[in-house]
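I am opening a page for this structure. The entries follow the order in which I looked things up.

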Amino acid sequence: MIPFTGNPLNRASEKRTDQNWIESKRHDPSSLVLPMWRLAPFVLGPEKSDSPIELGLLRPGIADSLASAGAPCIFLGLDGDRAVFALDVSEAADPAKAGPLAGLGHFREPRTAAQMASIKDAAIIGQAKAMIDWHQRHGFCPRCGAPTKLMDAGYRRLCDKCNAEHFPRVDPVVIMLATHGEACLVGRGKQFPRGMFSALAGFVEPGETIEEAVRRELMEEASVKVGDVTYHATQPWPFPSSLMIGCFAKAESRDVKADETELAEVRWIERSVARELIEGKRVDGLGVPPPIAIAYHLIKTWAFAEK
């Protein structure tokens, strides 16, 4: 499975507007709370270990002692009958260094944590990170500038001044692997490490279909004209909150030219080379993204597809 997919929780969205039910679950001793400190989840175990990690889910009383008054607390869903929440504890000094969490674990950057966690825990990390991030960015109404307040267990914010409602946003992004015969097209962003190549990607614009976005982005970034576009898979990408829409695209030729404002380089790589890269080998100094990225899965699917 692709990381950040396969969330095991029942989101129970019908319960979000039931404030009494949410409050009872917030104080239920059987409920669990994931502390998020500056968007990093709490995980168990030593900080310097490279071993697989486990989420540091706490009982409500312990978690609440770490948060400031009014800190966002998001209902993530139900694990059976047990409620799971994410709580923003960013106002505290590093709570893993002192207090009730000292010696139990640490807060780890979410991208790294997701690579070391189980696929189910990675999905919970992604949901929690995206939701807390949204609340940190939307404390004021974009219509009138007044403060907004958290509603519906974290899935709505309301402006008391102009009554505008605001909901968590997800930005659609197409990420596509163009192919031509036995080769696929990859590019290196200017911010990428030297030798690191990935599938090309770009935001879907208003009034645009997924297929149109794929064709436009490939033309803009690499001057590649494509015909058929096929959907492969999606990935929630909580940095800050995108939906990566993975596609394959059939290029009409291998003529290519990188848009130097966005990319340092584009190139075609043969299927045999793509297989070696997916297997973790370096070929002529080239590398591909790790398995946390949907680009890895696009390249892998194509590289090992039956001809």
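**Cis bond and loop**

I started with P240, which lies in the loop between β12 and β13; helices (H or I, at least four residues) and strands (E, at least two) are DSSP runs, numbered from the N terminus. The peptide bond from F239 to P240 is cis, with omega near 5 degrees.

**Ground rules**

I note that this is a predicted model, in which local features need pLDDT of at least 70 and side-chain atom pairs count only at pLDDT 80 or more, while totals for chains, interfaces and linings use all residues. Residues are numbered from 1 along each chain as its sequence is written, and side-chain values use heavy atoms, with hydrogens and water left out.

**Positive phi**

Most residues other than glycine have a negative phi, and most peptide bonds are trans.

N163 is not a glycine, yet has a positive phi of about 65 degrees. I place N163 in the loop between β7 (156–159) and β8 (165–166). N163 counts as exposed because its relative accessibility is 56%; the classes are buried under 20% relative accessible area, exposed over 50%, and partly exposed in between (1.4 Å probe, protein chains only).

S223, also not a glycine, has a positive phi of about 55 degrees. S223 sits in the loop between α5 and β12. With a relative accessible area of 35%, S223 is partly exposed.

**Largest nonpolar core**

I then turned to the interior. A nonpolar core here is a set of buried Ala, Val, Leu, Ile, Met, Phe, Trp, Tyr and Cys residues joined through side-chain atoms within 4.5 Å.

Which residues touch the most other members of the largest nonpolar core? They are I175, L177, V186, I269, L277, I299 and W302, out of 32 residues in that core. At least two residues of this core come from each of β9 (171–180), β10 (183–189), β12 (226–237), β13 (242–251), α6 (271–278) and α7 (294–303). The element that gives the most is α7, with 7 residues.

I listed the contacts of L177 (contact means heavy atoms within 4.5 Å), leaving aside neighbours within four places in sequence. L177 is in contact with C184, L185, V186, A199, C247, F248, A249, L298, I299 and W302. Another core, of 22 residues, lies apart from the largest one, and includes L218, A222, A258 and W268.

**Helix α7**

I checked how far α7 is covered. Of its 10 residues, 8 are buried: I294, A295, Y296, H297, L298, I299, W302 and A303. The elements that cover these buried residues include β9, β10, β12, β13, β14 (263–270) and α6.

**Salt bridges**

I searched the whole structure and found 17 salt bridges, each being a side-chain nitrogen of Lys or Arg within 4 Å of a carboxyl oxygen of Asp or Glu.

E265 and R267 meet through their side chains at 2.8 Å, N to O. E265 is partly exposed at 25% relative accessibility, and R267 is partly exposed with a relative accessible area of 28%.

E220 and R216 form a salt bridge at 3.1 Å, N to O. Both lie in helix α5 (residues 210–222), 4 residues apart, about one turn of the helix. An α-helix has 3.6 residues a turn, so residues three or four places apart point the same way. E220 is partly exposed at 40% relative accessibility, whereas R216 is buried, with a relative accessible area of 17%.

K281 and E279 form a salt bridge with their closest N and O atoms 3.6 Å apart. K281 is partly exposed at 43% relative accessibility; E279 is partly exposed, with a relative accessible area of 48%. Elsewhere, salt bridges that share partners join E205, E208, R216, E217 and E220 into one network.

**E208**

I followed one member of that network. E208 lies in the loop between β11 (200–203) and α5. Is E208 buried or exposed? E208 counts as buried, because its relative accessibility is 18%.

The side chains of E208 and R216 make a polar contact at 2.6 Å; such a contact is a pair of N or O atoms within 3.5 Å, where within protein one must be able to donate a hydrogen and the other to accept it, and residues adjacent in sequence count only if both atoms are side-chain atoms. Not counting residues up to four places away in sequence, E208 touches F203, A213 and R216.
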